[in-house]
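Here's a quick briefing for anyone opening this structure for the first time.

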Amino acid sequence: MSRFINPAKIGLLVLIELYIKRAVPTASIVEVLSFITSHLIDSDLLTSTSDPESRWKRAENTVSLVISISDFEKVLAPHTAASGLPGRSLWYAFLDRLWKIDSLYALHEFLDSCSSLLVKTNEQVRQDEEQGIPAPGPEVILLARNSPFGAFVRRCQLEFTRLRFHDVSELWKDFVKYRQTTAVYYRRKTPSFQRLSFDHVLLEGESDWGPDVETVASITYGDMLRDDPNSTLPVSTDDIEKLLEFQLEHMQKYGSRIPLEISRQFSDLLNDSLIVPSLSHYLSYLEAWRAGDYSTSFDYLHRYFDYTMQNRDRSFYQYALMSLAVLQADFGCYKEAIAAMLEAVSTARENRDMTCLNFALNWLFHFGRAHPEVTKKLESSSMLGTDKESLTYLRSRAKETGMWTLWSSALLSEAKMGLSNGESVATAIENLVRSSQILVERNKKNLIGTQLSINIALWDRLGIAYLSSTTCQVFLRCHARHAALDDELRVISRQASMLVLRGKYDEGLETLEGLSHDSLRTWKPSQYWHKFRGIIKLRRDIHRNNLDGAELLLSQLLQSKNEDLEPDLDVITDTLHVECLVRRGKLDEAFNKAERMISELRDEKKDVALRVRLLLLKAELLSQCGRPQKGFTIAIRAANVAWRARLLSYLWPAIGAIANILNSLGEFEPAIQLLNAVLPRSLEYENSSMTAKLYSYLGDANMGMAGKMAPKSNKRREFMTKALEAIERAFNHYSSIEDINKQCEMMAKKATIMKVSGDNVLANDYAAAYLALRRDAATRMKT
């Protein structure tokens, strides 16, 4: 196997020669040059303008070109040649030039003649002038020696001269085999083509050797011309290394696995390669890691860095430790991960590797935020400092050293931490804008996903669902092709969640199903995807009162809740578990679980939104128990925290909880004032369950006011009408999310209002509708 040149590159040289000799028509120049350039220059222009499915197109094209000559046919067959016999295609002109290289000597001559395609050096020009050789005219096309095509031609010549005779003969055999598939087509177009025309020596010797020429051909070429299944592919070391680098870049950039077809083809190429680059072990490590195979990934990581240490001593030891820490953390070995990363920090300081040191400190910060229970003891005994000090240090060091990715990441982390701690929203937006400026100025497209994810969370916390949904759509339509898989999955899940809050369960599941199959081959994203899909189905089953199906899903989700990528999934699963217990009538178990969740959260540095959410859950449970007044301080605290942190999406249900408590105290008028103030903003959030609950409280408050009015008075009738309208709207919102129990409750309230108002006919109709809802729910559960 040669270092660089192979039959496919010889084909590219022939195509360049056809272009130089004006055999390519003007209308076809752009397409032909684009084809050549795509195989000579490493560029992401193709992948940046295509969808995520075609990210691996370049690797497919490289492998396909090495394996078969058919790629040349696809490009050249539709075009007519500008020279030669009229009507001949460019594909025929290409094959005609290939088949004229009919011996090893002709191959040498062809590569030597490639020098005529290049602009002559000053020394060659001076020699030509001394010998009286005229300079080429302006109409002659020549390649600049430092142009991409010129550099490719010169390197092919250089690498060919470096080959030993054995390697040259192997290259010739590979070239003959590579070209052989076109023999039938070329024989049909060229009457003078004979059986042994592939080798001029055999063709000339046939008259002297007679029948023995078959023996000579068999000794020289073996079974190669008869599709020997044991033959190797004509791959060069350069092709292997380029494919390795391309696959590694894409796996690290997008966080996805290699498609199965490309993986199989690459394995075939690697098996036929005499030299296995050490990078192949790192690729195998990434592939095993993404597949969730801990032992295999651990083995390949050690194998790769064992090779690396032999060649580059201890200067890369810190990267081995950093990779090991990331691997350990991904598989739940947190203490080992912390130990490895701290050693990486020490080694990076020792070797003065600021890049590795900054990234290691950044990882430690994010790990501490995600797993505070693991790093709690570490913080008191280490010199890493507090979270804010760590971020300030990282931001300043990244700015000094020009590490734009780390600088932007530190700003985003600062914005996220500020929102989690309930600090100033304006400061968080300032950090987001500064980070966005860096991303735009430095063209860091792969970080746009993280940036927009925090933007989506910000609009969600401010209770503006429309902007949150619009940001999701902007990301998926414009930036998903550049983003990592984790960012894409997070945004898709958020969009599906917003659809589910409006009762569009099927659309939410379809949104999740829109993720490509190859993306779901990656272990962590696949787990997250399946859990989020299970949460959507669990919410739907609870609302439809299918508690048996809900408990089956809960048992599966609760088994692996500690492996979630996002802490929000833990809280969502536990909250739905509490709701399921309430619907089963197990209020004691539900209350105990809520108390445990609050006590666990109190000891950790979790998002303030989660604390408010659990406070509201506890207040709701007290209301379900018939003791809403005991939750007064809890609701006030939740509203206070939500207001200070500008968590408007939780402020409205907190105000609703306070209004419910006021209803229980008989303070209906202030309850109505509170609910009328928050309901318009609640509608902006597009959470049907929350809005329905607020309308239900409003109906109760209006009904309470009606009870204070004189019988048969206009004021009493007015409040009862408002109560009926509010209950009707609550029923509609509960219907949109298919909440059977709440629909029945609202229908019962409507029947009660009609009975109190003296309209027995409508009261009976609502009672019949109540019974019909119960029957439909029972029928649906049976089917």
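Let's start with helix 4 (residues 57-67) and helix 15 (residues 260-271), whose axes come within 10 Å and cross at roughly 45 degrees. This is a predicted model, where local features need pLDDT of at least 70, side-chain atom pairs count only at pLDDT 80 or more, and totals for chains, interfaces and linings use all residues. Residues are numbered from 1 along each chain as its sequence is written, and side-chain values use heavy atoms, with hydrogens and water left out.

**How to read the helix terms**

- Helices (H or I, at least four residues) are DSSP runs, numbered from the N terminus.
- Axes are lines fitted to C-alpha atoms over the stretch in contact, with angles running from 0 to 180 degrees between N-to-C directions.

**Helix 4 with helix 15**

- Helix 4 and helix 15 are therefore oblique to each other (under 35 degrees is roughly parallel, over 145 roughly antiparallel, 65 to 115 roughly perpendicular, and the rest oblique).
- Their crossing is left-handed, meaning that the near helix is turned anticlockwise from the far one by less than a right angle.
- A59, E60, V63 and V66 of helix 4 meet I262, Q265 and L269 of helix 15, where contact means heavy atoms within 4.5 Å.
- Sorted by class, the contact of helix 4 with helix 15 has 5 nonpolar, 1 polar and 1 charged residues (Ala, Val, Leu, Ile, Met, Phe, Trp, Tyr, Cys and Pro count as nonpolar, Asp, Glu, Lys and Arg as charged, and the others, Gly among them, as polar).

**Helix 24 with helix 25**

- Helix 24 (residues 425-441) and helix 25 (residues 448-461) pack at about 160 degrees, their axes 11 Å apart.
- That angle makes helix 24 roughly antiparallel to helix 25, and their crossing is left-handed.
- On the helix 24 side, the contact residues include I429, L432 and L439, and on the helix 25 side they include I448, I454 and L458.

**Helix 37 with helix 38**

- Helix 37 (residues 688-708) and helix 38 (residues 714-736) have axes that come within 8 Å and cross at roughly 160 degrees.
- So helix 37 and helix 38 are roughly antiparallel to each other, with a left-handed crossing.
- Their contact has 13 nonpolar, 9 polar and 4 charged residues.

**Cavities**

- Searching the whole structure turns up 3 cavities of 30 Å³ or more (on a 1 Å grid over the protein atoms alone, a cavity is a set of points where a 1.4 Å probe fits but cannot get out, and lining residues have an atom within 4 Å of a point).
- The largest cavity has a volume of about 60 Å³, a volume being the space filled by probe spheres set on the points, which are joined across faces, edges and corners.
- Its lining is made up of D460, A465, S469, R494, M498, L501, R502, Y685 and E686.
- Helix 27 gives the largest share of that lining, 3 residues.
- By class, the lining of the largest cavity divides into 4 nonpolar, 1 polar and 4 charged residues.

Note on methods: 1 Å grid on protein atoms, 1.4 Å probe; cavity = no way out; pocket = protein on both sides within 12 Å on 5 of 7 lines; lining within 4 Å. Helix = DSSP H or I, 4+ residues; strand = E, 2+ residues; numbered from the N terminus.
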